[in-house]
Amino acid sequence: MEVLKQRILEEGVVVSDEVLKLDALLNHQVDPQLTMEMGREFAGRFADCGITRIVTVESSGIAVAFATAYELKVPLVFARRKKTLLADPDALCERVPSFTKGIVTDIMLSRQFISPEDKILFIDDIIANGDAARGLIKIIERSGAELVGLGVVVEKSFQAGARTIKEQGIRLESLVRITSLSGGTIEFGE
C-alpha cells in the first residue's frame, strides 16, 4: 500500500535498528480513513476464504481488525491481555512475551466467541518477533477453528516473526514490508 508507506515515512519514528514507533497513525492515534482503507485491502485479499470471524490481540490491532471485520461483515473478537473480575474462567489462554513492552503477559480468548466451525482471519498491527502472533495461533488451534490466514499492517522482515509463521504453513499477508531500520532509515521491500 503506497499510501501507507508514505505515511510511515512522514510520521514513523525510528527509535533503533529494531524499533519503529508508529504512534501517530497506528498505535496511539488512529486515522479513520487510512484504517478503513487498510481494512478494505485485507478484506479484498481474503474475500474468497469464507471468513466467519476476525481475531486480534488488544489493543493496537483492534482498529484495523474492526475495519476488516466491517468490510467482511463478520464479528471481531479480540484476545485480552489482562484478566478481569468478569473474565471467562474457561477462556483459552497463552503466555507470551511482548517485544515492545519487554514483559510476559497472558492473552485470553473466551470460548464463547470462537468455535470449531469458525474460519478465522487474524489481523495484527506489526509483526516483529512473532511471539504474540504464535500465542494467538495456538489459542485458535486449541479452539478447533480453522485459521485461514494472518494479515499484518507492518511486517518487519529483518526480524524472525513473519518467517516463523510462514514456516508453519500459515498464509501471511502484509500491507507493508520493512526490510531495515539501520541508521535511522526506513527501507521497504516487496
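Is Arg95 buried or exposed in this predicted model? With a relative accessible area of 58%, Arg95 is exposed, where exposed stands for over 50% relative accessible area, buried for under 20%, and partly exposed for what lies in between (1.4 Å probe, protein chains only). Before the rest of the tour, a word on the ground rules. The model is predicted, and local features need pLDDT of at least 70, side-chain atom pairs count only at pLDDT 80 or more, and totals for chains, interfaces and linings use all residues. Residues are numbered from 1 along each chain as its sequence is written, and side-chain values use heavy atoms, with hydrogens and water left out.

The sheet comes next. Six strands form an open sheet in the order β4-β3-β7-β8-β9-β10, and the pairing is mixed. The edges are taken by β4 (76-79) and β10 (187-189); each has a single partner strand, so one side of each is left without a neighbour in the sheet. From one strand to the next, the twist averages 30°. Strands here (E, at least two residues) and helices (H or I, at least four residues) are DSSP runs numbered from the N terminus, and two strands pair if DSSP finds at least two bridges between them. In general, strands of a sheet pair through backbone hydrogen bonds, either parallel or antiparallel. Strand β9 (residues 172-180) and β10 run antiparallel and are joined by three bridges. Across from Phe188 in β10 stands Ile178.

Helix α5 (residues 131-143) lies across β3, β4, β7 and β8 and runs at about 170° to β7. Contact here means heavy atoms within 4.5 Å, while axes are lines fitted to C-alpha atoms, for helices over the stretch in contact, with angles running from 0 to 180 degrees between N-to-C directions. Within α4, the residues Val64, Ala65, Ala67, Thr68 and Ala69 are buried. The cover over the buried residues of α4 includes α2 (23-27), α3, β3, β4, β7 and β8.

In the loop between β3 and α4 sits Ser59, and the peptide bond from Glu58 to Ser59 is cis, with omega near 5°. Lys73 has a positive phi of about 60° although it is not a glycine, and its relative accessibility of 74% makes it exposed. For context, most residues other than glycine have a negative phi, and most peptide bonds are trans.

Another helix pair is formed by α1 (residues 2-11) and α3, which pack at an angle of about 140° with their axes 11 Å apart. That angle makes α1 oblique to α3; angles under 35 degrees count as roughly parallel, over 145 as roughly antiparallel, 65 to 115 as roughly perpendicular and the rest as oblique. Val3, Leu4 and Arg7 of α1 make the contact with Leu34, Glu37 and Met38 of α3.

A salt bridge is a side-chain nitrogen of Lys or Arg within 4 Å of a carboxyl oxygen of Asp or Glu. Glu71 and Arg40 form one of them, at 3.9 Å from N to O. Glu71 lies in helix α4 and Arg40 in helix α3 (residues 32-45), so the pair ties together parts that are 31 residues apart in sequence. Glu71 is partly exposed at 27% relative accessibility, and Arg40 is partly exposed at 43%. Arg45 and Glu173 meet in a salt bridge of 3.2 Å, N to O. Here Arg45 belongs to helix α3 and Glu173 to strand β9, so parts 128 residues apart in sequence are tied together. Arg45 is partly exposed, at 23%, and Glu173 is partly exposed, at 21%.

To return to the opening residue, Arg95 forms a salt bridge with Asp106, their closest N and O atoms being 2.8 Å apart. This pair links strand β5 (residues 92-97), which holds Arg95, to strand β6 (residues 104-109), which holds Asp106, eleven residues apart. Asp106 is partly exposed, with a relative accessible area of 23%. Finally, salt bridges that share partners join Glu41, Arg45, Arg171 and Glu173 into one network.
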